[in-house]
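Subject: Handover of a structure for your review

Dear colleague,

Please find below the sequence and the structure that I am handing over to you. My findings follow directly after them.

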Amino acid sequence: MAEGLTKSAARNIFYGGSLFFFLIFVALTAHSHWYIVKESTSALPLTDSVRAGKHVWEKNMCINCHSIMGEGAYFAPELSNVWTRYKGRDNPEAARAGLAAWMRAQPLAIPGRRKMPHFDLSDEEMTSLIDFLQWTDAIDDQNWPPHESG
Amino acid sequence: MKYETQKVAYAFFLVAMGLFALQVVFGIMAAVVYVFPDFLAQVMPFNVIRVSHTNLLIVWLLIGFMGCTYYLMPEEAEREIHSPMLAYLQLGIFVVAGVAALACYQLGIHEGREFLEQPFFVKVLITVSFLIFLYNTSMTLLKGRKTTINLVLMLGLWLAAVFWLFAFYNPGNLSVDKVYWWWVVHLWVEGVWELIMASLLGYLLIKMSGVDREVIEKWLYVIVGLSLFSGLLGTGHHYYWIGTPSYWQPIGSIFSTLEVIPFFAMVVFSFVMFWKGSRNHPNKAAMLWTMGCPTVAFFGAGVWGFMHTLSFINYYSHGTQVTAAHGHLAFYGAYVMLILGVISYAMPQLRRTQPFHQVLNMWGFWILTSAMCFMTFTLTFAGAVQTHLQRVLGMNYMEVQDQLGLFYAMRLGTGIAVVVGAALLLYALFGPIRRGTAAGSTLSAA
């Protein structure tokens with residue numbers, strides 16, 4: 001097998017094949033982009049507050065302890081479904097109050113427990129962040145995670 | 001060292017290894033926090049330690065790739081580097097950018113997407129530095145001899161720069177954000193970086209095994225072809241649970257399973273060339289890294305990746321310590337060992353001496369490698385337990401973490417071993433050499 005393959009043939013297969021698979025990948029990515037915007041994230045509107053909440057999430061680098069949709073640091077709980085975990089789908093007001101109170105109470109004075117820092121969020125930032133978490137919870141992500149525990 | 005300008009690589013290697021040491025320090029700090037959560041909690045929260053650990057890795061690997069390229073390019077292109085001055089300039093810019101990023105993290109200044117946390121101005125500096133680097137090395141290539149080694153290497157570096165541009169795109173829709181975030185993260189480490197890896201391995205094998213260049217270059221095309229054919233659509237294994245269509249489950253499962261093949265091919269390639277080779281190269285330590293790199297990459301990236309890549313398994317294991325286990329061994333095997341191999345190979349020439357501190361270097365190899373393997377095993381067990389308790393039984397996250405304490409304690413132990421191994425290796429590479437061994441002019445085989 002090795003004898004039949006010349007270097008220039010191997011080179012042509014590499015360039016041609018890579019281009020072929022790249023074009024398929026681009027096409028599927030374009031379709032996925034369209035699908036996300038039109039289908040999977042359309043349950044709740046992508047409001048300015050949700051966008052601002054994503055910014056709060058980024059500004060405080062939550063991703064380097066928590067994970068969201070399974071991506072992040074694995075040091076603290078998964079948050080893509082935290083809205084469900086706080087029963088926000090049944091009682092949104094109680095979930096909002098619960099999430100805000102939890103974040104404001106950090107760090108908990110429990111020795112030997114992982115410490116979440118105290119992030120000094122304004123009321124507006126807190127509202128946006130929770131809007132963002134609620135919006136994320138509504139994404140159709142093939143029913144991941146398997147359990148409410150995240 | 002045939003070409004005078006190859007010596008710019010020394011500065012890159014020195015900086016890269018300094019940052020490597022710092023990365024390991026942040027790594028062990030993070031490992032301590034897992035065991036003693038109150039450690040530094042008020043001074044440096046875990047997220048700051050973690051972002052420093054991961055960013056240092058990325059920065060030093062990139063600086064390492066640059067150093068490897070500057071070292072290799074004159075020999076392959078058969079001419080001096082276009083401008084050594086530009087090389088030092090872009091290294092300086094990159095170092096400023098890296099140090100600024102680290103300082104900013106301590107001050108809470110950063111963007112907030114994983115691995116792309118660098119403040120905007122740091123991203124711009126990185127881009128400027130990388131473009132100067134590409135200009136400098138491409139000019140050298142254009143005016144010189146084109147070989148498969150330097151062409152594939154430059155293709156990998158250019159594509160890395162192109163995909164990096166997606167780091168500047170941060171849409172408000174989290175799912176869309178994630179789709180293009182992977183265009184940087186996955187297309188780098190499971191795509192174009194493999195071009196860099198394969199070409200550097202090919203270079204080391206040509207230099208040290210003495211096998212005919214034609215044979216090595218042909219197989220190089222086969223390997224990088226397999227990497228991209230599988231790796232591009234293999235991105236699908238990141239598109240299972242982020243709001244993307246369900247067709248990514250079969251596509252991602254199939255193509256990311258195929259991603260194991262190029263890694264296996266690199267093992268076979270390296271060992272066959274080694275056995276076929278007639279040359280008995282005196283730098284045994286560099287040879288050890290050259291064989292070790294594809295082997296550990298095959299297990300870390302290939303086997304550990306395959307372990308949780310099938311969508312119906314990943315549904316349960318996604319985002320657990322299984323991922324952390326895979327990440328550690330994959331990066332160590334594929335890219336850390338690669339750069340350590342090139343540095344081990346180049347250092348005697350750069351320091352104009354015979355191979356030195358060989359035994360110490362090999363101690364570094366074995367301690368680092370076995371510690372990283374053991375770390376991966378502990379995290380894999382932690383991940384398996386976590387997957388079962390949290391994802392199958394539905395136990396609460398923090399309760400599950402309490403069950404993993406033993407694994408985290410053992411991981412801290414392996415981290416200490418990594419620090420010891422790294423210290424030995426750095427001394428072996430940069431430490432003083434006894435007089436009498438310096439004899440640069442006699443080293444012609446390299």
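**Helix packing and pockets**

In this predicted model, helix α6 (residues 174-209) of chain B and helix α12 (residues 321-350) of chain B have axes that come within 10 Å and cross at roughly 35 degrees. The crossing of α6(B) and α12(B) is left-handed. On the α6(B) side, the residues making the contact include B:Trp188, B:Trp193, B:Met197, B:Leu204 and B:Met208; on the α12(B) side, they include B:Phe331, B:Tyr335, B:Leu338 and B:Tyr345. Classified by type, the contact between α6(B) and α12(B) comprises 15 nonpolar, 1 polar and 2 charged residues.

The lining of the largest pocket has 22 nonpolar, 6 polar and 4 charged residues.

The second largest pocket has a volume of about 410 Å³. Among its 27 lining residues, A:Pro117, A:Phe119, B:Pro45, B:Asn47 and B:Val48 lie nearest its centre. At least two residues of this lining come from each of α2 (46-77) and α3 (84-107) of chain B, with α2(B) supplying the largest share, 4 residues. By class, the lining of the second largest pocket divides into 18 nonpolar, 7 polar and 2 charged residues.

Yours sincerely

Terms used:
Residues are numbered from 1 along each chain as its sequence is written. Chains are lettered from A and ligands numbered from 1 in the order in which they are written. This is a predicted model: local features need pLDDT of at least 70, side-chain atom pairs count only at pLDDT 80 or more; totals for chains, interfaces and linings use all residues. Side-chain values use heavy atoms; hydrogens and water are left out. Axes are lines fitted to C-alpha atoms, for helices over the stretch in contact, and angles run from 0 to 180 degrees between N-to-C directions. A crossing is left-handed if the near helix is turned anticlockwise from the far one by less than a right angle, and right-handed if clockwise. Contact means heavy atoms within 4.5 Å. Ala, Val, Leu, Ile, Met, Phe, Trp, Tyr, Cys and Pro count as nonpolar, Asp, Glu, Lys and Arg as charged, and the others, Gly among them, as polar. On a 1 Å grid over the protein atoms alone, a cavity is a set of points where a 1.4 Å probe fits but cannot get out, and a pocket is an open set with protein on both sides within 12 Å along at least five of seven lines; lining residues have an atom within 4 Å of a point. Grid points are joined across faces, edges and corners, and a volume is the space filled by probe spheres set on the points.
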